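Visitor: Could you take me through one part in detail, the place where the two chains meet, and then have a look at the ligand site too?

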Amino acid sequence: MHKFILKRLGMMLPVLVGVMFVIFTLTYITPGDPVMMILGDQAAQEDIVNLRAELGLDQPFLVQFGMFVANTMQFNFGTSFTTGRPVLEEIGFRFPTTMQLAAMSVVISVLIGIPLGILSAVKQYTIFDNGATIIGLLGVSIPNFWLGMMLIILFSVNLGWFPTTGFETPMHWVLPSFTIGISSAAIIMRMTRSSMLEVIRQDYIRTARAKGQKESKIIVSHALKNALIPVITVVGLQFGLLLGGAILTETIYAIPGLGRFMVESIQRRDYPIIQGGVLLLALVFSFVNLLVDILYAFVDPRIRSQYK
Amino acid sequence: MPENTAQASNEALLDIQDLSIHYITEDGTVRAVNNLNLSLKRGETIGLVGETGAGKTTTALGIMRLVPDPPGKIVGGRINFAGEDLTQKSDAAMRNVRGKRISMIFQDPMTSLNPVIPVRDQIAEVILLHEKVSAAEALAKAEEMLLKVGIRSERAREYPHQFSGGMRQRVVIAIALACNPELLISDEPTTALDVTIQAQVLELMKNLKREFNTSMIMITHDLGIVADICDKVAIMYAGSVVEIGDKYDLFRNPKHPYTIGLFNSLPDIEKDEDSLKPIKGFMPDPMDLPSGCPFHPRCDVAKPICMQAAPSEYVNVSENHRVKCLLFSDTTGGE
Ligand SMILES: Nc1ncnc2c1ncn2[C@@H]1O[C@H](COP(=O)(O)OP(=O)(O)OP(=O)(O)O)[C@@H](O)[C@H]1O
Ligand SMILES: [Mg+2]
């Protein structure tokens with residue numbers, strides 16, 4: 001197991017270099033000149049040339065990329081074009097907010113999705129199951145930004161239960177987390193349901209019944225552990241989507257997180273921030289994937305023995 | 001206990017009367033078991049023989065009250081077990097019977113164990129359910145059961161995927177016998193195993209059956225297995241038992257044309273292989289059983305009456321041998 005984790009950590013390196021290449025190329029070919037953004041339209045030609053050289057933007061593509069990789073390897077992400085403060089600092093104090101939002105959304109989607117999925121499977125084709133299916137379909141198809149605005153109108157403006165914007169108190173956390181979590185909850189619910197239906201048809205469930213075991217206990221101690229294996233993958237993938245969802249939702253709810261900051265930085269062509277931010281998100285996503293694989297082994301002994 | 005075993009051994013432990021089980025599906029009703037009669041005394045082993053689709057597994061699941069519902073339903077009959085009708089029992093009462101008084105070994109050992117639970121815990125589960133023991137005692141007893149089926153304690157904590165098919169079936173046997181049931185139903189316990197392993201598992205079952213004095217229903221389509229370990233045989237066709245009797249009586253003197261056909265279709269090394277005469281045609285579709293006797297379209301000696309009326313009564317061939325066939329009902333006693 002330790003060997004497996006080390007191996008997986010090692011494999012993250014080429015992945016991150018790949019991410020660096022893509023993100024660097026994308027910022028390189030994006031129209032818009034950061035120097036013009038910094039200095040404004042009226043800047044003198046000389047100033048422009050000087051700043052270009054200072055930022056290294058006059059170098060050929062490969063040299064720029066090489067410098068970027070070399071700097072990154074030394075944890076030197078540069079300074080923001082706009083504020084002049086180190087990228088790590090700028091990202092560092094916004095990142096926890098976004099992580100918190102994503103984590104809360106995952107928790108919400110798991111807490112809603114898994115129990116409803118189990119109930120749907122156990123009560124297949126009943127009113128409950130059909131109702132859950134319809135709500136689930138709605139949950140998947142409603143776009144986040146629309147749902148976010150509807151929740152604000154209903155719960156903040158009309159009912160006044162929650163504040164509309166900001167992220168200071170736990171009351172502020174509720175609506176954004178639900179906004180992001182609900183579509184994932186729907187996906188996790190569908191996945192849990194189908195996985196559970198598959199499992200409760202298996203012979204070993206019949207064996208458990210033949211032992212005289214109670215149906216509720218069979219669901220919890222025999223079916224669930226098997227049914228959760230594919231669900232774990234989906235939750236891991238959802239986490240990536242939730243990070244993406246955070247970007248939109250932070251904008252709607254005016255949350256001072258990494259997502260909103262990234263959107264602003266893209267508008268300002270603040271390359272170092274964009275590159276550092278995307279890299280960090282990619283790193284987080286890789287870690288979540290590793291966590292998923294470890295969880296797999298924890299749940300499924302067949303996978304555990306492959307890892308040795 | 002000893003004084004009433006003598007008395008109990010005379011009365012039937014299991015007495016199934018006119019059991020019918022249907023699967024009600026969108027395409028129609030599958031009449032899987034039709035007016036099935038079967039009885040078994042304590043300590044006896046009966047072989048339940050019939051071709052695929054005859055309703056053997058359905059009968060076994062019916063006794064356990066584990067027919068999947070929907071689509072399956074017990075639509076009639078009684079299953080008397082130790083004097084009580086199982087069809088009338090509540091689900092909670094049935095849970096006290098399953099695994100404790102009646103156990104079942106299923107057809108496929110590769111899929112009947114839970115892949116994410118160590119084998120020892122899967123045995124301990126049934127012990128904990130039915131005996132007043134602590135978790136630690138249940139685990140210890142589970143290891144003891146594993147030893148009985150020939151699996152060393154070092155392997156008790158391993159998972160099913162770490163065992164071969166034969167070993168898994170041993171684990172399944174250990175689960176089935178852990179609470180010393182009065183009746184063990186084995187649904188083709190060895191068909192999924194290769195021949196040498198088959199012999200080992202059968203030998204093990206024979207010994208354990210003797211040790212625990214368990215009655216057993218051995219479902220198989222292998223008459224060799226019947227000859228090897230059963231006391232009685234019931235021949236099943238289209239959901240009912242067409243002939244039942246003491247193994248020796250029935251093997252020496254088969255009466256029902258289907259039984260005779262079964263024996264004739266067995267290859268006999270001593271005879272010329274040209275004498276092999278398989279029964280013509282196929283088992284009827286249980287969704288669409290023929291009128292009259294369900295066997296008449298395949299029967300060489302069917303009489304006109306066989307197309308209209310189904311035999312309902314058993315005719316005694318001898319004291320321990322009965323047949324359900326119209327050929328014998330007018331001339332009682334057969335011949
Ligand atoms: N869940 C089900 N739904 C519908 N029909 C079923 C179901 N289970 C079994 N049947 C049908 O019931 C009939 C009897 O099946 P059963 O499994 O009892 O036969 P069997 O004698 O055990 O056969 P085999 O030797 O192949 O195991 C078959 O025609 C089968 O197709
Ligand atoms: Mg079967």
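Guide: Let's begin with a term: a salt bridge here is a side-chain nitrogen of Lys or Arg within 4 Å of a carboxyl oxygen of Asp or Glu. By that rule, 1 salt bridge turns up across the interface of chain A and chain B. B:Glu125 and A:Lys211 make a salt bridge through their side chains, at 2.6 Å from N to O.

A word on the ground rules. This is a predicted model, where local features need pLDDT of at least 70 and side-chain atom pairs count only at pLDDT 80 or more, while totals for chains, interfaces and linings use all residues. Residues are numbered from 1 along each chain as its sequence is written, chains are lettered from A and ligands numbered from 1 in the order in which they are written, and side-chain values use heavy atoms, with hydrogens and water left out.

Back to the interface: the rule also finds 12 residue pairs in polar contact between chain A and chain B, both residues at pLDDT 80 or more (a polar contact is a pair of N or O atoms within 3.5 Å; within protein, one must be able to donate a hydrogen and the other to accept it, and residues adjacent in sequence count only if both atoms are side-chain atoms). On chain A's side, α10 (203-210), α11 (215-252) and α14 (301-307) each supply at least two residues (helices are DSSP runs of H or I, at least four residues, and strands are runs of E, at least two, numbered from the N terminus). The top contributor on that side is α10(A), with 6 residues. By class, the chain A side that touches chain B splits into 5 nonpolar, 7 polar and 9 charged residues (Ala, Val, Leu, Ile, Met, Phe, Trp, Tyr, Cys and Pro count as nonpolar, Asp, Glu, Lys and Arg as charged, and the others, Gly among them, as polar).

In all, 21 residues of chain A and 23 residues of chain B take part in the contact, meaning heavy atoms within 4.5 Å. Between them the chains bury about 2,100 Å², with 59% of it on carbon and sulfur atoms (buried area is the accessible area, 1.4 Å probe, that two parts lose on being put together, summed over both). A:Arg206, A:Ala210 and A:Lys211 lose the most area in chain A, together 31% of what that side buries.

Now the ligand. Polar side-chain atoms of B:Thr52 and B:Thr58 each lie 2.5 Å from an oxygen atom of ligand 1. For B:Gln107, a side-chain N or O atom is 3.3 Å from a ligand 1 oxygen.
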